[in-house]
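The following note collects points for a colleague who is reading this structure alongside its sequence. The points move from the sheet to the helices and then to individual side chains.

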Amino acid sequence: MANNVTTRIAFVCNEQAMDLVNQWFAKIDTDPHASVTSLLDVAKEDITWDWMLENIGSKYCYVDTVWDNCVRVVSAWDWPEHFVQWMTEEILVIDPDARLEVEYEDECPNFIGYHIFTALGNTGSFLDSDQIEAMIRREVPALEELEEGSDEYYDMLWEHSNDICNNWQERGLDILVGR
């Protein structure tokens, strides 16, 4: 079984570009958990594992939730970087000043990250599981008092991981976009 990766994508674009985004997700919204492949011009029989990795960036990828100017997708093993790049390219045709702000995390979490996509390309950062644990240890000094590897240690690590990881992603995006 694959680890799920949750990716949140915020669209910062003009009204015309947002109309395109709304058309995409209106198309998908009729089918809960629809694959993002339904937005691309590809025959179902051509959608293979290799095609998904090359064009989407993960084994599978479906839309979980759409709200305001955001979408949350769920994918397997990795975040759908190629799919986000495709959306960016389509949006930039309409709005050259648009950007997509992306946050993603593996469910374990084996990795987390954030990126922005603009006409200048994409940039961002990610942390692997060792880096995530080190960051949480810096933020939660009480972990130092527990035996590393104990149930108490992992319970406390897990208890703080979501907030600390989300704060790291938000700070990183804020710095990238100058908020």
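1. R99 is partly exposed, having a relative accessible area of 23%. The model is a predicted one, and the values in this note were computed from it. R99 forms a salt bridge with E101, in which the closest N and O atoms are 2.7 Å apart. E101, by contrast, is buried, with a relative accessible area of 8%.

2. E101 also takes part in a salt bridge with R179, where the closest N and O atoms lie 3.1 Å apart. This pair links distant parts of the chain, since E101 is in strand 4 and R179 is in the segment after helix 5, 78 residues apart. R179 counts as exposed at 56% relative accessibility. Through salt bridges that share partners, R99, E101, D174 and R179 are joined into one network.

3. How many salt bridges does the model contain by the rule applied here? The count comes to 8. One of them brings together the side chains of R8 and E103, at 3.3 Å from N to O. Because R8 lies in strand 1 and E103 in strand 4, this pair ties together parts that are 95 residues apart in sequence. E103 has a relative accessibility of 15% and therefore counts as buried, the cut-off being under 20%.

4. At one end of the strand order, strand 2 pairs with strand 3 (residues 70-76) in the antiparallel sense over 6 bridges. Two bridge partners in strand 3 can be named: V74 is the partner of Y62, and V71 is the partner of V66. Strand 2 and strand 3 form a hairpin with 2 residues between them. In the turn, D68 has a positive phi of about 40 degrees.

5. Helix 4 (residues 129-139) has buried residues at I132, E133, M135 and I136. These residues cover an arc of only 160 degrees around the axis, which puts them on the same side of helix 4. D130 and R138, on the other side of helix 4, are exposed. The elements that cover the buried residues of helix 4 include strand 5, strand 6 and helix 5. At the start of helix 4, a side-chain oxygen of D128 comes to within 3.1 Å of the backbone nitrogen of D130.

6. F126 is placed in strand 6. What does F126 touch, if residues up to four places away in sequence are not counted? Its contacts are Y104, I112, G113, Q131 and W168. F126 and F111 are 15 residues apart along the chain, and their C-alpha atoms are separated by 6.9 Å.

7. A last point concerns T37, which is found in the loop between helix 1 (15-29) and helix 2 (49-55). Is T37 buried or exposed? T37 is buried, with a relative accessible area of 10%. The side chain of T37 makes a polar contact of 2.8 Å with the side chain of S35. With neighbours within four places in sequence left aside, T37 is in contact with V42, I47, W51, M52 and I56.

Note on methods: Residues are numbered from 1 along each chain as its sequence is written. This is a predicted model: local features need pLDDT of at least 70, side-chain atom pairs count only at pLDDT 80 or more; totals for chains, interfaces and linings use all residues. Side-chain values use heavy atoms; hydrogens and water are left out. Two strands pair if DSSP finds at least two bridges between them. Helices (H or I, at least four residues) and strands (E, at least two) are DSSP runs, numbered from the N terminus. A salt bridge is a side-chain nitrogen of Lys or Arg within 4 Å of a carboxyl oxygen of Asp or Glu. Buried means under 20% relative accessible area, exposed over 50%, partly exposed in between (1.4 Å probe, protein chains only). Contact means heavy atoms within 4.5 Å. A polar contact is a pair of N or O atoms within 3.5 Å; within protein, one must be able to donate a hydrogen and the other to accept it, and residues adjacent in sequence count only if both atoms are side-chain atoms. The arc is that of the directions from the helix axis to the C-beta atoms.
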